[in-house]
Amino acid sequence: PPGDGQNLVTEDVTVVEGDVATISCRVKNSDDSVIQLLNPNRQTIYSPDFRPLKDSRFQLVNFSNSELRVSLTNVSVSDEGRYFCQLYTDPPQEIYTTVTVLVPPRNLVIDIQKEIAVEGEEIELNCTAMASRPATTIRWFKGNKELTGKSEVEQWSDMYTVTSQLLLKVGREDDGVPVICLVDHPAVKDLQTQRYLEVMYKPQVRVSQNYPVQGLTREGEPLELTCAAFGKPQPTDMRWLRVDDEMPQHVVVSGSNLLISNLNKTDNGTYRCEASNAVGKSHADYMLFVY
């Protein structure tokens, strides 16, 4: 039977598909015994006298009585397996080296179930990494915050396709934020793809007092208020009203501005600016007290 290979040394080889694998069989204490290399089907690839395998992808890199080193170019998955180093001593010695072939994912795609979402809605995103080996780990980020998806692995012969599903409840702050799908895989560095979220939200409304700039709203003085509204889509409809009461006759409303040129006690009350868009309606209130 073959010896325990105590005089032989080799290392396992991991290589990316299409690259070059270098297999080395070394002898610690050479006694001029013959070294040879066998493939996973135990056919001789190299020995000093002959080269029976007619595969031009195998090249001899170094041959001496202490080392046999062979390169295999354009490696494919079918080259994977155990390659045997043999030393023709008596009894013969043998050890094996394992060649592992990595395949990076063919491509990476994010699919969003709804191109445009509305705030508060939960949307589903799927990221697929096609045909890799081993299976890919998929990570999700929204901006720079990591999120947790749910992955499923499908095996096709010796390749793995991974799909990760992310459920995301979106708010207005997510509009324009990238969602990134990133791949962890030994054959590839920094493979990622991203999609920008588009989120519609109802208006945000703010009322500010232009005049008096600071200080009290006094009888006989003017008051000017401005209403600002932002939303997606941008609100088109904006109106002023007085809560629980009629708008006083002498109030002038022009667009987003409300003007009372001569305040009196009867103007006391709450003035509301309302703005609406396709998503909904919002308002902001200003409480007037005339001193």
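This is a predicted model: local features need pLDDT of at least 70, side-chain atom pairs count only at pLDDT 80 or more; totals for chains, interfaces and linings use all residues.
Residues are numbered from 1 along each chain as its sequence is written, and side-chain values use heavy atoms, leaving out hydrogens and water.

The bounds are 8-102 for domain 1, 107-190 for domain 2 and 202-288 for domain 3; they come from an automatic or database domain assignment. Taken over C-alpha atoms, the centres of domain 2 and domain 3 lie 45 Å apart.

Next, the area. About 340 Å² is buried between domain 2 and domain 3, with 41% of that from carbon and sulfur atoms. Buried area here is the accessible area (1.4 Å probe) that two parts lose on being put together, summed over both. Of what domain 2 buries against domain 3, Glu119, Arg172 and Asp175 supply 85%, more than any other three residues.

What is the count of salt bridges between domain 2 and domain 3? The count is 1, a salt bridge being a side-chain nitrogen of Lys or Arg within 4 Å of a carboxyl oxygen of Asp or Glu. Asp175 forms a salt bridge with Lys232, and their closest N and O atoms are 3.0 Å apart.

Last, a distance elsewhere. Asn29 and Ser151 are 122 residues apart along the chain, and their C-alpha atoms are separated by 51 Å.
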